[in-house]
Amino acid sequence: MTVSLPLVFVLGLIAWGAVKFLGVRTWIVVVIALFGFLLSRTFMAPAIDSGTRSGMDVINGSHN
């Protein structure tokens with residue numbers, strides 16, 4: 001059986017687990033999320049998007 005989950009959902013679960021089980025403070029998660037949001041508005045956004053897509057293709061085993 002194949003289950004498809006959006007990357008943002010998986011990252012949200014990781015953030016929740018870090019706060020709940022690793023003792024990471026909530027404000028640190030908020031600062032990192034804000035940094036990612038602001039970083040997406042820079043010239044680095046296409047490179048980050050391309051790298052994320054390539055990494056997900058490697059994990060999923062997709063080869064075009």
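Gly-23, which follows helix H1 in the predicted model, has a positive phi, near 75°.

One aromatic pair is present in the structure. The pair is edge-to-face, because the ring planes of Trp-16 and Phe-21 stand at 90°, with the ring centres 5.7 Å apart; planes over 60 degrees apart are assigned to this class. Both the 5.7 Å separation and the cut-off of 6.5 Å between centres bear on the assignment. Phe-21 is exposed, with a relative accessible area of 62%, a value to be set against the threshold of over 50% for exposed residues.

The largest pocket has a volume of about 470 Å³. Its lining consists of 14 residues, and those nearest the pocket centre are Leu-11, Gly-12, Ile-32, Ala-33 and Gly-36. Three helices each supply at least two residues of this lining: H1, H2 (26-39) and H3 (45-60). The greatest contribution to the lining comes from H1, with seven residues. By residue class, the lining of the largest pocket contains 11 nonpolar residues and three polar ones, while charged residues are absent.

Terms used:
Residues numbered from 1 in each chain as written. Predicted model: local features only at pLDDT ≥ 70, side-chain atom pairs only at ≥ 80, totals over all residues. Heavy atoms only, no water. Helix = DSSP H or I, 4+ residues; strand = E, 2+ residues; numbered from the N terminus. 1 Å grid on protein atoms, 1.4 Å probe; cavity = no way out; pocket = protein on both sides within 12 Å on 5 of 7 lines; lining within 4 Å. Points joined across faces, edges and corners; volume = space filled by probe spheres on them. Nonpolar A, V, L, I, M, F, W, Y, C, P; charged D, E, K, R; others polar. Phe/Tyr/Trp six-rings, centres within 6.5 Å; stacked < 30°, edge-to-face > 60°. Buried < 20%, exposed > 50% of the residue type's maximum accessible area, 1.4 Å probe, protein only.
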